[in-house]
Amino acid sequence: MLGKYDSFRDSALHFLCTSDWNNGEFGDVQDYGVYIWRISNTPEEVQVINTEITSVLEDWESYEEANGASQEFRDQLVGHFIVSENSQGFVNVREFDTKEALDARYNAFLEHYIEWSGMCPRHGGPWGEDETCELCTDEDGNPRPRS
Ligand SMILES: [Zn+2]
């Protein structure tokens, strides 16, 4: 059952992201119109013998259908991706050649979101409000400029 995904790979990546297997997330499908996750997987991380990712993936609804236990399928999850979901629930996956390229795109999206919302996605409150938050304050606890 693919529905809102282009492929089983995209569905699996989205499932991983929503299962806390991601490298950052922010957004608001309702008002902002999109939710974004960043996810990078190494070949070692996605291996069938890696019980950590396997125990997560086994709860994915398409696990059997997509042959999720095969190494061939797992290899499709290797790489650097931005996964996004829109207000209709449709999921889009963009792959990047390097982690640097992924981070650059992710940070550009993030900056836009912060500009729009005035909120910090890390601690969940107004930008610069939480002096212990590493994203919106500096080492001394002062609010970072919003770019
Ligand atoms: Zn913060």
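Two strands count as paired if DSSP finds at least two bridges between them. Helices (H or I, at least four residues) and strands (E, at least two) are DSSP runs, numbered from the N terminus. By that rule, E3 and E4 pair in the antiparallel sense over 6 bridges.

This is a predicted model: local features need pLDDT of at least 70, side-chain atom pairs count only at pLDDT 80 or more, and totals for chains, interfaces and linings use all residues. Residues are numbered from 1 along each chain as its sequence is written.

**Sheet**

4 strands form an open sheet in the order E1-E2-E3-E4, with antiparallel pairing. E1 and E4 stand at the edges with a single partner strand each, so one side of each lacks a neighbour in the sheet.

| Strand pair | Sense | Bridges |
|---|---|---|
| E1 (residues 25-28) and E2 (residues 34-41) | antiparallel | 4 bridges |
| E3 and E4 | antiparallel | 6 bridges |

Phe26 has Ile36 in E2 as its bridge partner. Phe81 stands opposite Glu95 in E4. The hairpin of E1 and E2 has 5 residues between the strands, and Gly33 there takes a positive phi near 95°.

**Core**

A nonpolar core is a set of buried Ala, Val, Leu, Ile, Met, Phe, Trp, Tyr and Cys residues joined through C-beta atoms within 7 Å. Buried means 20 or more other C-beta atoms within 10 Å of the residue's own, with C-beta atoms placed from the backbone. The largest such core has 21 residues; Leu13, Ile39 and Val83 have the most contacts inside it. H1 gives the largest share, 5 residues.

Technical notes:
A residue is buried if 20 or more other C-beta atoms lie within 10 Å of its own, exposed if 12 or fewer, and partly exposed in between; C-beta atoms are placed from the backbone.
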